[in-house]
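Here are some notes to read beside the model. Please keep the sequence and the 3D view open while going through the points.

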Amino acid sequence: MEIKELQKEIERHDVLVQKHFREEAGSEVRVQNLMLKIGEEYGELCEAVLARRGAQRKVKLDKANESDVGDELADLIVTALALAVNLNLDIEKILKDELETVHGRFGG
Ligand SMILES: [Mg+2]
């Protein structure tokens, strides 16, 4: 999938979520809720990584499965990209710019 295509998919996904929660695109409420959702998804990713490392209580280890880390990482990425869409950011541009910055920092 090309990044422009991914941006359109995220925009379509975000419209569905906005309708479900009755939030307006780009509104302060939508942006704040996405910020909170990123925190929630990050926490879920941390739980999945801890479980994969065996560093969780048995009750959580019993519920964990091998696909959890990928699923939670995808949740976090999709939510972060939805935030980018609601802030009217061009996902391809911000990713390219950031990669150039990081590569420059490390001499790449
Ligand atoms: Mg999740």
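What covers the buried residues of α2?

1. Basis of the note. The model is predicted, so local features are reported only at pLDDT of at least 70 and side-chain atom pairs only at pLDDT 80 or more, while totals for chains, interfaces and linings use all residues. Numbering starts from 1 along each chain as its sequence is written.

2. Overall make-up. The protein chain has five helices and zero strands, in the order α-α-α-α-α. Helices here are DSSP runs (H or I, at least four residues), strands are E runs of at least two, and both are numbered from the N terminus.

3. Overall dimensions. The C-alpha trace of the protein chain spans about 45 × 45 × 25 Å along its principal axes. The radius of gyration of the protein chain is 17 Å, whereas a compact globule of 108 residues would have one near 13 Å. That radius is taken over C-alpha atoms, and the globule rule is 2.2 Å times the number of residues to the power 0.38. Buried residues account for 11% of the 108 residues. A residue is called buried if 20 or more other C-beta atoms lie within 10 Å of its own, exposed if 12 or fewer, and partly exposed in between, with C-beta atoms placed from the backbone. Of the contacts between residues at least 6 apart in sequence, 65% join residues at least 24 apart. A contact means that two C-beta atoms, placed from the backbone, lie within 7 Å.

4. Helix α2. This helix has 25 residues, and its first and last C-alpha atoms are 36 Å apart, close to the 36 Å expected at 1.5 Å a residue. The expected span is 1.5 Å times one less than the number of residues. R30, L34, L45, A48 and A51 are the buried residues of α2. To answer the opening question, their cover includes α1, α3 (58-63) and α4. Just after α2 comes G54, with a positive phi of about 75°.

5. The nonpolar core. Which residues make up the largest nonpolar core? The five are I10, L34, L81, A82 and V85. Helix α4 (residues 68-86) gives the most to this core, with three residues. A nonpolar core is a set of buried Ala, Val, Leu, Ile, Met, Phe, Trp, Tyr and Cys residues joined through C-beta atoms within 7 Å. In soluble globular proteins, nonpolar side chains tend to be buried together. Leaving out residues up to four places away in sequence, I10 touches V78, L81, A82 and V85.

6. Helix α1 against α4. The two axes come within 9 Å and cross at roughly 90°. Axes are lines fitted to C-alpha atoms, for helices over the stretch in contact, and angles run from 0 to 180 degrees between N-to-C directions. α1 and α4 are therefore roughly perpendicular to each other. Angles under 35 degrees count as roughly parallel, over 145 as roughly antiparallel, 65 to 115 as roughly perpendicular and the rest as oblique. On the α1 side the contact involves I10, E11, H13 and D14, which meet V78, L81, A82, V85 and N86 in α4.

7. Helix α1 against α5. Here the axes come within 9 Å and cross at roughly 130°, and α1 and α5 are therefore oblique to each other. I3, K4, L6 and Q7 of α1 make this contact with I91, E92 and L95 of α5.

8. Helix α5 itself. Is α5 largely buried or in the open? The number of buried residues among its 15 is zero, so α5 lies largely in the open. For helix α5 (residues 91-105), the end C-alpha atoms are 21 Å apart, which agrees with the 21 Å that its residues should span at 1.5 Å each. G107 follows α5 and has a positive phi, near 75°.

9. Loop residues. The loop between α1 (3-21) and α2 (28-52) holds E24, and R22 also has its place between α1 and α2. R22 is not a glycine, yet its phi is positive, about 55°. R22 is exposed, with 7 other C-beta atoms within 10 Å. E24 is exposed too, with 10 such atoms within 10 Å. Residues up to four places away in sequence aside, E24 touches Q18 and R30. In the loop between α4 and α5 sits N88, another non-glycine with a positive phi of about 55°. N88 is exposed, with 8 other C-beta atoms within 10 Å.
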